[in-house]
Amino acid sequence: MSLRIVLLAVLSTVVSSAAFAADPARGEKRFVALCGSCHSADPAVRKMSSHMKGIVGRKAASVEGVAYSTALKTSGWTWTKPLLEKYLANPKKALPGTTMMVAAGDADRADIVAYLATLK
Ligand code: HEC
């Protein structure tokens, strides 16, 4: 095996393990920074949009008193980790008509979703 092939194999292992090892502690920091102006983790703390407690397994647009779009209200969605990944990657593409404008980039999304899944 040439050195180049060995290096490539090592590199692809590093890249793929980085992609799968989501870090909820880092996700919490990124959530506070990127999402915290509009969402809280705590149902008692009211922000511009819904709190995230129990979001994995929760019906979309189901927090009382939150002004949701018709698109989200009629989506029929229940949030799962893969669905959150898809929505956060590009909300408008995942759900035309949604009023959430903010996406989470590739560097943060898996960590944020891993953190959201801890909010039971
Ligand atoms: C500028 C405010 C704003 C920011 C920042 C923001 N969101 Fe939102 N988010 C919204 C709004 C508004 C909605 C409601 C969308 C709709 O009704 O179509 C929403 C909806 C959601 C929902 C669905 C909630 C439910 O109750 O069904 C999730 C999940 C979500 N956002 C996650 C995030 C995450 C994670 C981040 C950070 C990467 C983030 N949001 C950043 C405004 C924001």
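1. Let's start with Met-52, which is found in the loop between α2 and α3. Please keep in mind as you read that this is a predicted model. Met-52 has 23 C-beta neighbours inside 10 Å and so counts as buried, the cut-off being 20 or more. Leaving out residues up to four places away in sequence, Met-52 touches His-39, Ala-41, Leu-116 and Leu-119.

2. What is the phi of Ala-61, which is not a glycine? The angle is positive, at about 60 degrees. As background, most residues other than glycine have a negative phi. Ala-61 has 18 C-beta neighbours inside 10 Å, so this residue counts as partly exposed.

3. Now for the overall fold. The protein chain has six helices and zero strands, and its elements run α-α-α-α-α-α from the N terminus on. Of the 120 residues in the chain, 19% are buried. Among contacts with a separation of 6 or more, 50% come from residues 24 or more positions apart.

4. Helix α6, which spans residues 109–116, deserves a careful look. How many of the eight residues of α6 are buried? Seven are, so the helix is largely enclosed by the rest of the structure. The buried ones are Arg-109, Ala-110, Asp-111, Ile-112, Val-113, Tyr-115 and Leu-116.

5. Start with α2, residues 24–34. Two packed helices are described by the angle between their axes and the distance between the axes. For α2 and α6 the angle is about 100 degrees and the axes are 7 Å apart. The two helices are therefore roughly perpendicular to each other. On the α2 side the contact is made by Pro-24, Arg-26, Gly-27, Glu-28, Arg-30 and Phe-31, and on the α6 side by Asp-111, Ile-112, Ala-114 and Tyr-115. By class, this contact of α2 with α6 holds five nonpolar residues, one polar and four charged.

6. Then comes α4, residues 81–89. How do α4 and α6 pack, and at which angle? Their angle is about 135 degrees, and their axes lie 10 Å apart. That makes α4 oblique to α6. The crossing in which α4 passes α6 is right-handed. Lys-81, Leu-84, Glu-85, Leu-88 and Ala-89 of α4 make the contact with Arg-109, Ile-112, Val-113 and Leu-116 of α6. The classes in the contact of α4 with α6 are six nonpolar residues, no polar and three charged.

7. Within helix α6, have a look at Asp-111. Is Asp-111 buried or exposed? With 21 C-beta neighbours inside 10 Å, Asp-111 counts as buried. Setting aside neighbours within four places in sequence, Asp-111 is in contact with Ala-22, Asp-23, Pro-24, Arg-26, Gly-27 and Arg-30. There is also Phe-31, 80 residues from Asp-111 along the chain, with 8.9 Å between the C-alpha atoms of the two.

8. Ala-22, one of the contacts of Asp-111, lies in the loop between α1 (3–20) and α2. Ala-22 is partly exposed because 17 other C-beta atoms are within 10 Å. Beyond neighbours within four places in sequence, Ala-22 is in contact with Gly-27, Ala-110, Asp-111, Val-113 and Ala-114. The C-alpha atom of Ala-22 is separated by 9.1 Å from that of Asp-108, 86 residues away along the chain.

9. Last, the ligand. Which of the 24 residues around the ligand come nearest? They are Cys-35, Cys-38, Tyr-68, Ser-69 and Thr-98. The elements giving two or more residues to the shell around the ligand are α3 (70–73) and α4 (81–89). The residues of that shell divide into 17 nonpolar, seven polar and no charged.

Technical notes
Residues are numbered from 1 along each chain as its sequence is written. This is a predicted model: local features need pLDDT of at least 70, side-chain atom pairs count only at pLDDT 80 or more; totals for chains, interfaces and linings use all residues. A residue is near a molecule or strand if its C-beta atom, placed from the backbone, lies within 6 Å of it. Helices (H or I, at least four residues) and strands (E, at least two) are DSSP runs, numbered from the N terminus. Ala, Val, Leu, Ile, Met, Phe, Trp, Tyr, Cys and Pro count as nonpolar, Asp, Glu, Lys and Arg as charged, and the others, Gly among them, as polar. Axes are lines fitted to C-alpha atoms, for helices over the stretch in contact, and angles run from 0 to 180 degrees between N-to-C directions. Angles under 35 degrees count as roughly parallel, over 145 as roughly antiparallel, 65 to 115 as roughly perpendicular and the rest as oblique. Two residues are in contact if their C-beta atoms, placed from the backbone, lie within 7 Å. A residue is buried if 20 or more other C-beta atoms lie within 10 Å of its own, exposed if 12 or fewer, and partly exposed in between; C-beta atoms are placed from the backbone. A crossing is left-handed if the near helix is turned anticlockwise from the far one by less than a right angle, and right-handed if clockwise.
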